[in-house]
Structures are given as structure tokens and as C-alpha cells.
Amino acid sequence: MTPEEPPELFSCDHCGNLAVGNGSITCCETTMNPAEPVDAVAKPDLESILRHVFQMSDTELEVCLCVMEGGTLTVTELADQIEYDRSVISRHLNHLAELGVVEKQRRLIKQGGHVYVYRPVPPETVRQQLMAAFATWVQDATEQIGTLRQEKVASIADTDDEPAWTLFRED
């Protein structure tokens, strides 16, 4: 999937499974059909995706962009450049390194000791890392929704007082 090809939503006519992707996707040994998007869901912007899925704050996004633009930097150099406390910068850089959008490397200092330097990874690698993390998030979210469905069905089965349809009625 390339940035020029936005992914499509597909549905299986046999079991109702949904999939997101490009090209031919199969389920139940048949090709899935394009599905209609649900209009009730707000279309996300990049800021909300970074904030909610990857738990990036505005500061962390600023740190990421500075490394992308500035090349290889130490925590101290970056803190001086954007005027944040070094501990804040360090925490954000470690999270960005975990996401795979910056690279962390330990360098020995001639006078003794070491320093960590952070450098950008290629933009295509950043995109791939974020897509992989997002796909994992979608998988986890889907499991949570499945759990909700199971809990709701169990609560309906345990309710003898009123018909099941009343549990979904909005008064």
C-alpha cells in the first residue's frame, strides 16, 4: 500500500468480517466486497491519530519534527534548540525510539563516559513503523469491541425481567 493508494473497507458477504486494505482480499474462500464507510464516525486528522493511537503530545511531535529536520542530536542540543527541560526531551525521545521513528545510539566520549544521540530514520521507515503500530492498535481495539459484544450478550441472557429489545431502546 502506498500513500497514493488510500486503503478501502471490505466486507465478507458470508460472515460479516471487515478488512481494510487494497486490492483483492478474501474471506470464507471468496473475494470480499467493498463496504460502505460508516458516516457516524468522525474522520480522524493526523494530530488526533498521533495523540490518541501513539500517545504523542504536542511536545513530543515537536521533538520528533526537530530530530527529523535537525539530523543527529543529543538530548542537550535538542533541549537548547527547543527550550524544554532535558528530562522531558529524554522521555519523549525514548518513546519515539520505541515507536521506531527516531534511532537511539550510544556514543563514547573521549574524556570518558557516554552520550546518547538521536537521529531521524527515513520517512518511509517512519510511515511503515506508524502503520504497523496503528494496525496493532486496530487489532487490540477490535478485540476490545468483541469483548464488549460478549459482555452485552451475557448481560441480556442474565436479564429475565424485561425483553432483550428493551435493553437497546433509547427512551
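Helix α5 (residues 123–158) contains Val138; helices (H or I, at least four residues) and strands (E, at least two) are DSSP runs numbered from the N terminus. The model is predicted, with local features requiring pLDDT of at least 70, side-chain atom pairs counted only at pLDDT 80 or more, and totals for chains, interfaces and linings using all residues. Residues are numbered from 1 along each chain as its sequence is written, and side-chain values use heavy atoms, without hydrogens and water.

Val138 is partly exposed at 33% relative accessibility (buried, under 20% relative accessible area; exposed, over 50%; partly exposed, in between; 1.4 Å probe, protein chains only). Together with Phe134 and Trp137, Val138 makes a nonpolar surface patch of about 250 Å².

Three salt bridges were found in a search of the whole structure, the criterion being a side-chain nitrogen of Lys or Arg within 4 Å of a carboxyl oxygen of Asp or Glu. In helix α5, Glu124 and Arg127 are three residues apart, or about one helical turn, and their side chains form a salt bridge (3.0 Å, N to O). Glu124 is partly exposed at 38%, as is Arg127 at 25%.

A salt bridge also joins Glu103 and Arg119 (2.4 Å, N to O). Glu103 belongs to strand β7 (residues 102–108) and Arg119 to strand β8 (residues 114–120), so the pair ties together parts 16 residues apart in sequence. Asp58 pairs with Arg51 in a salt bridge at 2.7 Å, N to O; Arg51 is partly exposed, at 31% relative accessibility.

Thr59, in helix α2 (residues 58–70), is buried at 18% relative accessibility. Leaving aside residues up to four places away in sequence, Thr59 contacts Tyr84, Val88 and His92 (heavy atoms within 4.5 Å).

Terms used:
Patches are made of residues with over 30% relative accessible area and no salt bridge: like charges are joined within 9 Å, nonpolar side chains (Val, Leu, Ile, Met, Phe, Trp, Tyr) within 5 Å. Accessible areas come from the Shrake-Rupley method with a 1.4 Å probe; for residues, only the protein chains shown count as cover.
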